[in-house]
Amino acid sequence: MIKNIVFDMGNVLFTFKPSEYIRRLGYTGQDAELLETEVFLTPEWSATDRGTLKPPQAARILAQRVPEHLKPAVEPLVCHWWEGDLMPVPGMGDLVRELKANGYHIYLLSNASRYIYEYFHRLPAADCFEGLLVSADWLMAKPQHEIYEKLYARFDLIPDECFFVDDRVDNVEVAQLTGMHATVFRGDVSRLRREMGEAGITVQA
């Protein structure tokens with residue numbers, strides 16, 4: 001029986017959209033494309049999630065790789081992208097609250113830097129989460145097997161009693177290999193509700 005629902009964060013609870021954060025700073029066209037590639041699609045960005053680089057350290061490294069006129073954008077993008085409006089996935093907050101009301105325990109498993117603690121309270125139904133396991137705190141990241149095992153150990157969870165929601169196929173596949181029920185979230189909360197119902201979770205379709 002499923003007792004615990006585990007959510008990813010970016011593109012599950014809210015829409016993580018680098019192009020929007022870049023646009024807010026006033027960059028468009030080729031400059032915007034270059035910033036997205038040279039900031040968000042880099043090993044350094046991933047290292048902030050893994051906790052092996054602090055965001056300010058990553059920003060200093062990345063700023064050295066972009067043209068002079070783009071350097072001022074790097075630090076805000078790496079260290080302050082979350083300070084603007086977050087974009088909740090429509091219907092997700094209601095779903096989380098319904099699951100909580102129906103007696104399920106709600107957890108977060110996210111690849112994120114430690115800045116998550118600055119903004120998590122702004123996400124849909126943040127008060128419903130009983131525990132957060134954040135990659136940067138443990139120097140590991142999805143889809144490493146170890147981070148799922150850390151989740152189970154930290155919150156005393158039985159894998160077969162957990163249902164995991166993530167937007168990445170590789171993260172879901174490894175979660176399933178470790179014993180969790182899991183599904184890939186593709187932006188459609190109605191579909192997610194149906195999939196949860198099919199898995200035996202009490203939730204309105």
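Me: Why does glutamate 44 count as buried?
Reply: Its relative accessibility is 12%. Buried means under 20% relative accessible area, exposed over 50% and partly exposed in between (1.4 Å probe, protein chains only), so glutamate 44 counts as buried. The model is predicted: local features need pLDDT of at least 70, side-chain atom pairs count only at pLDDT 80 or more, and totals for chains, interfaces and linings use all residues. Residues are numbered from 1 along each chain as its sequence is written, and side-chain values use heavy atoms, with hydrogens and water left out.

Me: What makes the pairing of glutamate 44 with arginine 65 a polar contact?
Reply: Their side chains are joined at 2.5 Å. A polar contact is a pair of N or O atoms within 3.5 Å; within protein, one must be able to donate a hydrogen and the other to accept it, and residues adjacent in sequence count only if both atoms are side-chain atoms. The 2.5 Å pair is within that limit, so the term applies.

Me: Where is glutamate 44 found, and which residues does it touch?
Reply: Glutamate 44 is found in helix H3, residues 43-50 (helices are DSSP runs of H or I with at least four residues, strands are runs of E with at least two, both numbered from the N terminus). Not counting residues up to four places away in sequence, glutamate 44 touches Leu53, Ala58, Ile61, Leu62 and Arg65, where contact means heavy atoms within 4.5 Å.

Me: What makes a set of residues here a nonpolar core?
Reply: The members must be buried Ala, Val, Leu, Ile, Met, Phe, Trp, Tyr and Cys residues joined through side-chain atoms within 4.5 Å. The largest such core has 57 residues, and those touching the most other members are Ile5, Phe7, Met9, Leu13, Met92, Leu99 and Met196. Helix H5 (residues 71-80) gives this core its largest share, five residues. A second, separate core has 19 residues, including Leu109 and Tyr148.

Me: Which helices do the buried residues of H5 pack against?
Reply: They pack against helix H1 (18-24), helix H2 (29-40), H3 and helix H4 (55-63). The buried residues themselves are Ala73, Val74, Leu77, Val78 and Cys79.

Me: How do you know where the buried residues of H11 sit around the axis?
Reply: In helix H11 (residues 189-198) the buried residues are Val189, Leu192, Arg193, Glu195 and Met196. They cover an arc of only 165° around the axis, so they lie on the same side of H11; the arc is that of the directions from the helix axis to the C-beta atoms.

Me: What makes aspartate 188 a cap of H11?
Reply: A side-chain oxygen of aspartate 188 lies 3.0 Å from the backbone nitrogen of serine 190, at the N-terminal end of H11. Just after H11, glycine 200 takes a positive phi of about 90°.

Me: Why does the radius of gyration agree with that of a compact globule?
Reply: With 205 residues, such a globule would have a value near 17 Å, and the protein has 18 Å, which agrees. The radius is taken over C-alpha atoms, and the globule rule is 2.2 Å times the number of residues to the power 0.38. Of the 205 residues, 51% count as buried.
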